[in-house]
Amino acid sequence: MKPYRTNVYDVPLVAGLSPEQGWIDMQVRFLIDEKSAGSDKLVVGWTILPPGARHARHRHLHADEFLVVVGGQGEIYTDQAEEPAGRGDVVFTPRGHWHGFNNTSDEEVLLIWGWEGAGSLEAAGYELTS
């Protein structure tokens with residue numbers, strides 16, 4: 001594998017992320033992943049959630065996840081409940097634990113996030129709550 005560099009604004013939005021799979025009105029970019037950078041153990045992403053957008057409660061069976069709330073505020077889903085989250089918050093969710101984000105505000109939320117242990121959504125073992 002060789003070094004990789006890109007610019008957020010050169011990376012297209014991920015196509016095919018449907019509300020039925022928990023991706024509600026989200027603008028998602030995979031900045032580093034297996035497809036773009038040859039990374040089989042790390043994904044780094046950039047997500048904008050307009051007002052009312054959310055990522056439904058889900059888990060990754062094969063990847064740990066971190067997220068940084070760069071701008072805006074809303075609620076982070078956990079195993080048991082919802083908790084307020086806003087600019088500057090950093091969240092780590094170990095593999096197998098439920099998580100997600102709901103933009104409950106009237107401004108955009110910007111998240112930078114990543115998975116360790118998988119290079120793609122499929123490899124991460126993505127699963128929604130039933």
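Which residue stands opposite Gly74 in strand 7? In this predicted model, Ala85 takes that place. Residues are numbered from 1 along each chain as its sequence is written, and side-chain values use heavy atoms, with hydrogens and water left out. Because the model is predicted, local features need pLDDT of at least 70 and side-chain atom pairs count only at pLDDT 80 or more, while totals for chains, interfaces and linings use all residues.

Strand 6 (residues 73–77) and strand 7 (residues 82–86) pair in the antiparallel sense. Five bridges hold this pairing. Strands here are DSSP runs of E with at least two residues, helices are runs of H or I with at least four, and both are numbered from the N terminus. Two strands count as paired if DSSP finds at least two bridges between them. Strand 6 and strand 7 form a hairpin, with four residues between them. Gln73 stands opposite Gly86 in strand 7. Strand 6 is also joined to strand 9. That pairing is antiparallel and has three bridges. Within it, Glu75 stands opposite Asn102 in strand 9.

Strand 3 (residues 42–49) and strand 10 run antiparallel and are joined by eight bridges. Leu42 has Glu116 of strand 10 as its bridge partner.

The structure holds five aromatic pairs. Rings of Phe, Tyr and Trp (its six-membered ring) pair if their centres lie within 6.5 Å; planes under 30 degrees apart count as stacked, over 60 as edge-to-face and the rest as tilted. Phe30 and Trp115 form an edge-to-face pair. Their centres are 5.8 Å apart, with 70° between the planes. Phe30 lies in strand 2 (residues 27–32) and Trp115 in strand 10 (residues 109–116), so the pair ties together parts that are 85 residues apart in sequence. Phe30 is buried, at a relative accessible area of 14%. Trp115 is buried too, at 2% relative accessibility. Buried means under 20% relative accessible area, exposed over 50%, and partly exposed in between, with a 1.4 Å probe and protein chains only. Trp113 and Trp115 make a tilted pair, because their planes stand at 50°, with ring centres 5.1 Å apart. Trp113 is likewise buried. Ring pairs link Phe30, Trp113 and Trp115 into a cluster.

Phe30 also takes part in the largest pocket. Among the 15 lining residues, Val14, Phe30, Asp33, Lys35 and Ser36 lie nearest the pocket centre. The space in this pocket is about 350 Å³. On a 1 Å grid over the protein atoms alone, a pocket is an open set of points with protein on both sides within 12 Å along at least five of seven lines, a cavity is a set where a 1.4 Å probe fits but cannot get out, and lining residues have an atom within 4 Å of a point. Grid points are joined across faces, edges and corners, and a volume is the space filled by probe spheres set on the points. Strand 2, helix 1 (34–37) and helix 2 (121–124) each supply at least two residues of the pocket lining. Helix 1 gives the most, with three residues. By class, the pocket lining has eight nonpolar, three polar and four charged residues. Here Ala, Val, Leu, Ile, Met, Phe, Trp, Tyr, Cys and Pro count as nonpolar, Asp, Glu, Lys and Arg as charged, and the others, Gly among them, as polar.

One cavity of 30 Å³ or more is present. The largest cavity holds about 150 Å³ of space. Its lining has 14 residues, of which Met26, His55, His58, Glu65 and Trp113 lie nearest the centre. Strand 4 (54–60), strand 5 (64–71), strand 9 (99–102) and strand 10 each give two or more residues to this lining. The cavity lining divides into seven nonpolar, six polar and one charged.

Asp25 sits in the loop between strand 1 (23–24) and strand 2. Its phi is near 60°, a positive value in a residue other than glycine. Asp25 is exposed, with a relative accessible area of 57%.
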